[in-house]
Amino acid sequence: MTGSQGDNIVQITGLNKYYGSFHVLKDVDLTVARGEVLVIVGASGSGKSTLIRCVNGLEEYQSGALEVDGFLMPRAEDREFGEVKGLREIRKGVGMVFQQFNLFPHLTVLQNITLGPMRVRGKSRAEADIQAMQLLDRVGLKDQAQKYPGALSGGQQQRVAIARSLAMEPHLMLFDEPTSALDPEMVGEVLDVMRELAKEGMTMMIVTHEMGFAREVSDRVIYVDQGSITESGTPEQFFDNPQNERTRTFLARVLRH
């Protein structure tokens, strides 16, 4: 699954992010290769979600460099002067799935999926409808196309949210704890869709607390602690032989549950 060393879709160098005086990301260096599945773990409040939100431009960063698919993400000071061309280009190629599903409740499932391709990609309604039905079939929800989100379970809504992101034909998918808002019996159906994406070679950055899934699907796991990446390795290295004491403490705690 992992791309070649010289073919990184994400290149982060010396990234620093502040909320006021709070230093939330500290000199982060990270690359993600095309086709790689990177899982990001860490305690609540460690900066995991902020990191992937920076990759999608939902959070501004103050210093360092962040490049996605050949485009340099503008820093906070750049945005103040309206330099957002790179940001628009990045977002076209990056899909994001959140903890909450963020579907439009007044639109049908089909309409939720076709809205972006029609408005941003310029697809006709017929083209967008065909693509949406193919994606709904892919996530096992073809028969739910005309329903409204409120009529679906949480797991079904999250699968629709994944289909909606895929409809934009992204080169990179970001997942921010996509199963944390779901009832336990619904977690598996969402993880199954993500497993299929991994098998198909989709590049993914995934923040999750699902350690079994992380071990099974990832090419690499990183541990974020107080805004810094303190451990990085293959799933085998990370789970069986962690080098950092705080990583060992974290794993001992989460794997007990």
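This is a predicted model: local features need pLDDT of at least 70, side-chain atom pairs count only at pLDDT 80 or more; totals for chains, interfaces and linings use all residues.
User: OK, helices. At what angle do H4 and H6 pack?
Analyst: About 25 degrees, with the axes of H4 (residues 109-119) and H6 (residues 154-166) 8 Å apart. That angle makes H4 roughly parallel to H6, since angles under 35 degrees count as roughly parallel, over 145 as roughly antiparallel, 65 to 115 as roughly perpendicular and the rest as oblique. Axes are lines fitted to C-alpha atoms, for helices over the stretch in contact, and angles run from 0 to 180 degrees between N-to-C directions. Helices (H or I, at least four residues) and strands (E, at least two) are DSSP runs, numbered from the N terminus.

User: Which residues make that contact?
Analyst: From H4, Val109, Asn112 and Ile113; from H6, Val160, Ala163 and Arg164. Contact means heavy atoms within 4.5 Å.

User: Which residues sit on each side of E8?
Analyst: Thr203, Met205 and Val207 are on one side, Met204 and Ile206 on the other, and all are buried. In a regular strand the side chains alternate between the two faces of the sheet.

User: Which strands does E8 pair with?
Analyst: E3 (residues 37-41) pairs with E8 in the parallel sense over 4 bridges, and E7 (residues 172-176) runs parallel to E8 with 5 bridges. Two strands pair if DSSP finds at least two bridges between them. Valine 37 has methionine 204 of E8 as its bridge partner, while aspartate 176 has valine 207.

User: And what's the order in the antiparallel sheet?
Analyst: E2-E1-E4-E5, an open sheet of 4 strands. Its edges are E2 (22-33) and E5 (71-72), each pairing on one side only. E1 (residues 8-19) and E2 are joined by 8 bridges, and isoleucine 12 stands opposite leucine 30 in E2.

User: Which helix lies across E1, E2 and E4?
Analyst: H1 (residues 48-55), running at about 120 degrees to E1.

Technical notes: Residues are numbered from 1 along each chain as its sequence is written. Side-chain values use heavy atoms; hydrogens and water are left out. Buried means under 20% relative accessible area, exposed over 50%, partly exposed in between (1.4 Å probe, protein chains only).
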